[in-house]
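Let's take a friendly walk through this protein together. Keep the sequence and the 3D view side by side as you read.

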Amino acid sequence: MKVLLIPPTYRYTTQYPSFLAPSDFSCGFAYVAATLKAAGHQVFGCNPNNAPGYASAFDMMHDKVARAIATTKPDLIGIGGICTDFAFLQDALHVIRHYAPSVPVLMGGSVVTYDQEFIHSTFKPDYSLAGEADDTVVMLADALERQGDLDAIPNLAYWKQGRLVFTEKNLKFGRDLNTYPFPDYSMFDIEGMLEASWAARPIYRFYRADPKIMPIVSARECPFACTFCLHGHGGRAKYRARTTENVMEEIQYLYERYPFNILIVLDELFAVNKQKLEEFCRILIDYRERHGWDFDWLFQTHANARLTLESLQLAKRAGCTYFSYGLESASPRVLKSMKKGTHPDQYAEAIALADQAEIGFGGNFIFGDPSETPETIAETLGFYRKYCADIHCFMSSIQPYPGSALYAPCQDMGLIPDKLAFYKTIDQVPFNMTKIPDAQWIGYLRAIYAFDSLPFCKTVDVTRILHRAVRNRMTAGGSRQFWELFAECPHCARPFSFVELTDPANVPKNGLQVITGCPRCFKRVRLNVPVTKDQGLLLPIEPEALSEETQLSVPGGGDESDITEMGDPSKRSSQSLREFLDRMVSLCEQGSHREALQYYERNRGDFMPDPSLAEFDRLVETLRQKLAA
């Protein structure tokens, strides 16, 4: 059977173009693709992302899906996502029905798992699968191909004589993760997603100037039952982790095919078992030495992991650059209401340990639990001011997603009078589950969002802007450029740079501030590009005098010796000297002689006397005389 799988368009309703990096790709599609292929089915992928140049996200999705259907002529089409993908799924299904009216459509993902009857009745796909679908999708494809018994497939809903039928519900259905084939990303434009790593959130990419991000799922599910989360509710499968050796085999498999330099370990409880963490780090160190692996990695875990300085230092030796906790609140009262099972003291301890180990640390605070009060908000913001200025901490409000323990109470409170309207505006409408009056709550939300958009991290002015000579789909149309922003870290006083996709036309008017991190000490930093109302941009934009094929090469890891100490002229490298000369030549070739002379006068003093510069100095002096004449 020929199966076409279509993952969602990233930020479908909020931003276009918005580039999808592997860090935000739904790995479940890659697992489903792998199990279908292992069972002998022919699998195709259509990734409606990373394609600028259309009028809207809908037009891009429409064109890509229509072309994929015409090219592959599938026997079954699979779509799915989470509850915030509702608008995409609605539009995608309409497009599919128009171009392939007779091809059956299967829908899956957590949007189905936690509200299967409503979602299936609303969208009316031919089939829907709740829970983990790696094996059940194969059972369905086999049954459709051989006209088998659909009722033997667990967690399935389908139409039978105009009536919606549900098979046995067993969300614990799923086998040992070590027995699954490795996820297959090959048909989902993995190269384009790796290229789009520059568009990932800074916490995932500031370690490398040329980021290539790859996720790996080392475990599924979570034993905790936090009220705002989907895990632990509705009879889901239990937490299962893969063996370290199995994970290493997948890392090797992925690294050989798609050489990445940043690995995201997806596991709700990674490092809770200290022996497992130490085993992972020691084996990874061995593999890095034996196979020449060169990548940074980061993980998430629960605050009950109680990490030690020794374990973090071992992780750093193995290449770890960042880890995160689900912080959620710094109020013991709210944490108890959320059923977090944690205490703010654990967060403060982890922040101090990360600082000692020189590893990045981060997490999220979410406001709006039913027990939230002005006092609990003040507790969390006070903790934030005291401990979180230098870490990668973010804030938002709680949403009562279907499947969470908060969803039904919100319905009972009358906060969700129209379920269809709720899905259509999900994440767009603030919810007040507290006893704080609505007008006051909105005021608190505005303050919280202000905290998040302008965090208390240290700010440093950019000292140099280099327009990177990189051309790819992210710069299509010519309005966007990659700027490499150079600065000195206000924490560790070491020079570093960060590459940002920028629209140069907006910077002189609106300025540019980028929240990122130092790739040396990993603390949060705000980079400010100096502008004034009268003069606009105060720094020249230096063009990179390299070919378009040249990859970015500013180090984001490695030894101290990797970094050019820009503040000391005696230590400017031969590479810096070559770039200086190339820039001068490039400006002269463009006819920008006065700009070339200004650039020379600003930077010539950075280089010690060098035989290669003697003749060049004489040529510049001749140029100066001609311009003066």
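This is a predicted model: local features need pLDDT of at least 70, side-chain atom pairs count only at pLDDT 80 or more; totals for chains, interfaces and linings use all residues.

You can find histidine 392 in strand β15, which covers residues 392–397. Is this residue buried or exposed? Histidine 392 counts as buried, because its relative accessibility is 2%.

From here, turn to phenylalanine 365. Residues up to four places away in sequence not counted, phenylalanine 365 touches a set of residues that includes Leu327, Phe383, Tyr384, Cys393 and Met395. In the largest nonpolar core, which has 100 residues, Trp297 and Phe365 are the ones that touch the most other members. There is also a second, separate core of 44 residues, with Leu4, Val65, Ala92 and Val112 among them.

Now look at strand β8, residues 213–217, where 5 of the 5 residues are buried. In a regular strand, side chains alternate between the two faces of the sheet. You can follow this pattern here: Ile213, Pro215 and Val217 point one way, while Met214 and Ile216 point the other way. Strand β8 pairs with strand β11 (residues 262–266) in the parallel sense, over 5 bridges. Within this pair, methionine 214 stands opposite leucine 263.

Another sheet is open and has 4 strands, in the order β19-β18-β17-β24, with mixed pairing. Which strands stand at its edges? They are β19 (495–502) and β24 (541–543); each has a single partner strand, so one side of each is left without a neighbour in the sheet. On average, neighbouring strands of this sheet are turned by 30 degrees against each other, direction ignored. Strand β18 (residues 481–488) runs antiparallel to β19, and 8 bridges join the two.

The axes of helix α9 (residues 244–257) and helix α10 (residues 274–291) come within 10 Å and cross at roughly 35 degrees. This crossing of α9 and α10 is right-handed. Among the residues that meet there are Val247 and Met248 from α9, and Phe280, Ile283 and Leu284 from α10.

What about the cysteines? A disulfide is a covalent bond between the sulfur atoms of two cysteines. How many disulfides are there? The count comes to 0, with a pair of sulfur atoms needing to lie within 2.5 Å to qualify. The sulfur of cysteine 226 has its closest cysteine sulfur in cysteine 229, but the two are 6.2 Å apart, too far for a bond. For cysteine 410, the closest cysteine sulfur is in cysteine 83, at 13 Å, which is also too far for a bond. Cysteine 410 is buried, because its relative accessibility is 1%.

Finally, visit a few backbone details in the loops. Most residues other than glycine have a negative phi, and most peptide bonds are trans. Tyrosine 16 and proline 17, however, are joined by a cis peptide bond, with omega about -5 degrees. Proline 17 sits in the loop between β1 (2–6) and α1 (27–38). Lysine 339 is not a glycine, yet has a positive phi of about 60 degrees. Lysine 339 belongs to the loop between α12 (332–338) and α13 (344–357), and with 58% relative accessibility it counts as exposed. Glutamate 358, also not a glycine, has a positive phi of about 55 degrees. Glutamate 358 lies in the loop between α13 and β14 (360–367), and at 33% relative accessibility it counts as partly exposed.

Notes: Residues are numbered from 1 along each chain as its sequence is written. Side-chain values use heavy atoms; hydrogens and water are left out. Buried means under 20% relative accessible area, exposed over 50%, partly exposed in between (1.4 Å probe, protein chains only). Two strands pair if DSSP finds at least two bridges between them. A nonpolar core is a set of buried Ala, Val, Leu, Ile, Met, Phe, Trp, Tyr and Cys residues joined through side-chain atoms within 4.5 Å. Contact means heavy atoms within 4.5 Å. Axes are lines fitted to C-alpha atoms, for helices over the stretch in contact, and angles run from 0 to 180 degrees between N-to-C directions. A crossing is left-handed if the near helix is turned anticlockwise from the far one by less than a right angle, and right-handed if clockwise.
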